[in-house]
Amino acid sequence: MVFWMDTLTRDGTIATIARLHREVRAARAHTDALFSLVAGPTLYKRPIPDRHRLVFYVGHLDAFDWNQLGRGVLDLPSFHPSFDRLFEAGIDPPPGQAPADRPSDWPALDEVYDYVRRARHRLDEAWDELPCERVLVALEHRWMHAETLCYLLHEMPVNMKRAPVAKPSLRPSSPTRRVEDRWIPIATGNTSLGQDKDEFGWDNEFPRHEVRVENFEIARYKVTHREYLRFVAAGGAVPHFWKRSDGGWWLRRMFEDVPLPLDAPVYLTHQQATAYAAWADARVPAEAEWQRAAYGDGERRFPWGDREPDAARANVDFIGWDTLDVNGSPGGATPEGVEQMLGNGWEWTSTPFSGFDGFAVRAYYPGYSANFFDGEHFVLKGGSPRTARQLTRASFRNWFRREYPYAYSTVRLAR
Ligand SMILES: [Fe+2]
């Protein structure tokens, strides 16, 4: 899957940039649909205290594309400099330093949508002049926000969201196999971290390198609600997505609250995952261990092999809004039998987020990763129900603060 090598013929480059244009248009339609899940005035709410109000993201996705591509690559003149700056960058403040702006500090929605329309129009007019790598940066940036927008929308009360019409045929059903606790041995050997230099990736994915991993055991499944419930009964911290009602625990899903689905994975912070692992006499796997369990020595594209993800293999790429049972994707098991290493929830690793040896920032986006190399953010791997197919490559790395409770982040134990 070489997207942008210089060795592509001129015809190949044109075909690729045209394909990327279709993909960017599909991603725009996807994020537009997410904003339309709530009414206009609701877009001025701030569902997560340490993130911007929703209206920021309406402008941000296209301000990013415009700043990166229109101004950065094509050197086009700005048509709205103050919005280019206002919507330029998101925030991730340390605990206790949440922003204090008010709804009235933000421009009216029709002004923001007008900016979005103009930015898209100007980029689309000059599309064929854009280099594929930079377009992929914009495309993947939008897909990442397609997921984090769900984190924001998830925090809005159910009655403030319009659930889209379900597509039942696309929803994987959970089989009735019992979830049996099982440890799977992973033999000592090498694995490959990072991305090939002639493939697309973000700065933190480079350089590709081999790592030796000592033998260890990994859990066949992610930690379930049923398992974590025992920890809560013993005094463990209550997960952010749980809610006490009618004398029992309920799960706050995107569009409804449901009695805790006991065999579904539990969304946890890194702190909760680490505390649970210690209580269960196990630990959170390191990034290289996780990579070896999922991808072996690095020869296969996905945990199960080389075939593209589908509903039988992975709960990813917007098949559903929420998790299914941890044994609900048996077609996606690794050759050793580890299930759901891709999809149904990102998995925490014990590895603090940092650059690989030889890490270099990209001049066009120097802060993408390096701003978070602070020992407070940890690497997550895999993907969630709301992770786009575009981001499911083996080298992709996600990260959040250790105490960030809003992400679709699960854990799988190691020992
Ligand atoms: Fe962003």
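## Basis

Local features in this predicted model need pLDDT of at least 70, side-chain atom pairs count only at pLDDT 80 or more, and totals for chains, interfaces and linings use all residues. Residues are numbered from 1 along each chain as its sequence is written, and side-chain values use heavy atoms, with hydrogens and water left out.

## Iron site

Three histidine NE2 atoms, from His60, His141 and His145, coordinate the iron ion at 2.1 to 2.2 Å. Donors are N, O and S atoms within 2.8 Å of the metal (3.2 Å for Na, K and Ca); water is not among the atoms, so sites may look incomplete. The donor spacing in sequence is H-x80-H-x3-H.

Helix α5 (residues 132-154) holds both His141 and His145, 4 residues apart, about one turn of the helix. Helices are DSSP runs of H or I with at least four residues, strands are runs of E with at least two, and both are numbered from the N terminus. His141 and His145 are buried (under 20% relative accessible area, 1.4 Å probe, protein chains only).

## Gly332

Gly332 sits in the loop between α8 (287-295) and β8 (346-352). Its relative accessible area is 2%, so Gly332 is buried. Leaving aside residues up to four places away in sequence, Gly332 touches Pro303, Trp304, Ala312, Arg313, Val338 and Gln340 (contact means heavy atoms within 4.5 Å). The C-alpha atoms of Gly332 and Ala89 are separated by 36 Å.

Technical notes: Buried < 20%, exposed > 50% of the residue type's maximum accessible area, 1.4 Å probe, protein only.
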